[in-house]
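Here are a few exercises to work through with the model open beside you. Try each task yourself before you read its solution.

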Amino acid sequence: MTDPADIRQDADRFSLRCSFLVPASAEHAFRVFTDELTDWWVTEYTWSGPDALAELGMEPRAGGMLYELGPYGFRADWGRVLTWDPPRRLVFVWQIGPDRVPVPDPARASEVEVLFLPEGLERTRVELEHRHFDRHGEAAEGYRKALTAGWHELLTRYVTAVSRHRPTPA
């Protein structure tokens, strides 16, 4: 399993890049990233919170929504899939502002690209770039700094989920 210290991060003013290895095929790594969000996302980062969150999901298609389901039928859409190319590439708009308020206009939201690059049968290099923080206005640089720590925590949990959800050999 990847040690959290093995998640390499590199940032400039308006983008953050993360790179790390997971002990899984690209297909498995992609599936856990897209289908198992509820298992690895930090529930304190949601609007519903850890006690009320029902589900985090991603509609598996270009144009699909990234969403949160909470109590009493609450739904919050917090992103939109731009590119759905399993198991190689995923791009989505991050429609959450620095103040944690939804950003309805995608032109004012940042963007996340995730690449799943096979390195052998059961190893995949995952490269994530969260870019265009400048679209978030005056708070852009501070928001990128805050999400540098946030993505490290999320990806550490993702690596654990990839290992936990490994398919059993046939």
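**Exercise 1. Find the loop that holds Tyr72, and decide whether this residue is buried or exposed.**

Step 1: Tyr72 sits in the loop between strand 4 (65-69) and strand 5; helices (H or I, at least four residues) and strands (E, at least two) are DSSP runs, numbered from the N terminus. This is a predicted model, in which local features need pLDDT of at least 70 and side-chain atom pairs count only at pLDDT 80 or more, while totals for chains, interfaces and linings use all residues. Residues are numbered from 1 along each chain as its sequence is written, and side-chain values use heavy atoms, with hydrogens and water left out.

Step 2: Look at the backbone. Tyr72 is not a glycine, yet it has a positive phi of about 60°. Most residues other than glycine have a negative phi.

Step 3: Check the accessibility. Tyr72 counts as exposed because its relative accessibility is 87% (buried means under 20% relative accessible area, exposed over 50%, partly exposed in between, with a 1.4 Å probe and protein chains only).

Step 4: Strand 4 and strand 5 form a hairpin with five residues between them. The two strands run antiparallel and are joined by five bridges (two strands pair if DSSP finds at least two bridges between them). Within this pairing, Leu69 stands opposite Arg75 in strand 5.

**Exercise 2. What is the strand order of the open sheet, and which strands lie at its edges?**

Step 1: Trace the order. The eight strands of the open sheet follow 1-2-8-7-6-5-4-3, with antiparallel pairing. Strand 1 and strand 3 (55-58) are the edge strands, each pairing on one side only. From one strand to the next, the twist averages 20°.

Step 2: Strand 1 (residues 8-12) pairs with strand 2 (residues 15-22) over five bridges in the antiparallel sense. Gln9 has Cys18 of strand 2 as its bridge partner. Two residues lie between these strands in their hairpin.

Step 3: Continue to strand 7 (residues 110-118), which is joined to strand 8 by eight bridges. Here Pro118 stands opposite Thr124 in strand 8.

Step 4: Strand 3 and strand 4 pair over four bridges in the antiparallel sense, with Leu66 in strand 4 as the bridge partner of Met58. Their hairpin has six residues between the strands, and Gly63 in the turn has a positive phi of about 95°. Strand 4 is mostly covered, with four of its five residues buried.

**Exercise 3. At what angle do helix 1 and helix 3 pack, and which residues make the contact?**

Step 1: Set up the geometry. Helix 1 (residues 26-35) and helix 3 (residues 140-164) pack at about 125°, and their axes are 10 Å apart (axes are lines fitted to C-alpha atoms, for helices over the stretch in contact, and angles run from 0 to 180 degrees between N-to-C directions).

Step 2: Classify the angle. The two helices are therefore oblique to each other (angles under 35 degrees count as roughly parallel, over 145 as roughly antiparallel, 65 to 115 as roughly perpendicular and the rest as oblique).

Step 3: List the contact residues. Helix 1 contributes His28, Ala29, Phe30, Val32 and Phe33, and helix 3 contributes Leu155, Tyr158, Ala161 and Val162 (contact means heavy atoms within 4.5 Å).

Step 4: Ask how covered helix 1 is. Seven of its ten residues are buried, among them Ala26 and Thr34.
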